[in-house]
Amino acid sequence: MCVARCSRCVGMSLVPMAILSMVANALLLFPNLKVHYLLEGHVTREALWGTGLWASGFLILLAARGFVSSSTQMGCCGFRTEMLCQFGYSCVALAAAGICFLVSGTGLAQGPLCLHNSTQGLNWEVPLSRQMTRDRNYLFERERWATACVEPQGVVLWNVVLFSVLMATSGIQVLLCAAHTLNALLGVLCGPGFRNNKVGPV
């Protein structure tokens, strides 16, 4: 098994997912592609945290760059040092992707911040959250999506799709980074012989 080749493959796989996470989080900040919701503070809290931008986006890109540009030093000490760096990159990337996954899951479960018709009139709230409705989760009752929010139009579907994309990409990133962490740890422990383990003639 070639540890360096595995690192490069993981790095190349993480790049498009990091870009997709950044685009999805950026779109969450502009419901219906309108800027004034963000300027007025009427954007879902989990979108404002921007974990798709800095965690599953920027930090994953930095880690991917480290994976792709891994050196091919053949000496035992050089190889182990490189694998130790890879292990560090993997841990940072794993934590970043995990944060994005949890925040995106929370945003998806809570529902969007929107203008809705409450008993006190029109208010900016999170009308679909379990704390407010105490009903079944809105994700399983699609008929409520169209009538839950007066403004922005179609914000429920907007949030569901984009938070789902963030959850999917960050979830795959978690799996890849976890596998790479194990791969790098084996490289540190076993050294360069790990990739050249062959049974020779007796």
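The torsion about the S-S bond of Cys114 and Cys149 is about -65°, so the disulfide (a pair of cysteine sulfur atoms within 2.5 Å) is left-handed. The two sulfur atoms of Cys114 and Cys149 lie 1.9 Å apart, and a search of the whole structure finds one disulfide. This is a predicted model, in which local features need pLDDT of at least 70 and side-chain atom pairs count only at pLDDT 80 or more, whereas totals for chains, interfaces and linings use all residues. Residues are numbered from 1 along each chain as its sequence is written, and side-chain values use heavy atoms, with hydrogens and water left out.

**Disulfide and its setting**

- The pair Cys114 and Cys149 links distant parts of the chain, 35 residues apart.
- Cys114 lies in strand β1 (residues 114-118), and Cys149 in the loop between α7 (145-148) and α8 (155-190); helices (H or I, at least four residues) and strands (E, at least two) are DSSP runs, numbered from the N terminus.
- Cys114 is buried, at a relative accessible area of 0%, and Cys149 is buried as well, at 11%; buried means under 20% relative accessible area, exposed over 50%, and partly exposed in between, with a 1.4 Å probe and protein chains only.

**Other cysteines**

- The sulfur of Cys91 has its closest cysteine sulfur in Cys177, at 9.7 Å, which is too far for a bond.
- Cys91 is partly exposed, with a relative accessible area of 33%.
- Cys85 is also partly exposed, and its relative accessible area is 39%.

**Surroundings of Leu166**

- Leu166 belongs to helix α8 and is buried, with a relative accessible area of 1%.
- Leaving aside residues up to four places away in sequence, Leu166 touches Ser21, Ala24, Asn25, Leu28, Gly52, Cys100 and Ser104; a contact means heavy atoms within 4.5 Å.
- Leu166 and Leu108 are 58 residues apart in sequence, and their C-alpha atoms are 9.8 Å apart in space.

**Whole chain**

- The protein chain has eight helices and two strands, arranged along the sequence as α-α-α-α-α-β-β-α-α-α.
- Of its 202 residues, 44% count as buried.
- Among contacts in the protein chain with a separation of 6 or more, 72% come from residues 24 or more positions apart.
- The accessible surface of the protein chain comes to about 10,600 Å², of which 68% belongs to carbon and sulfur atoms; accessible areas come from the Shrake-Rupley method with a 1.4 Å probe, and for residues only the protein chains shown count as cover.
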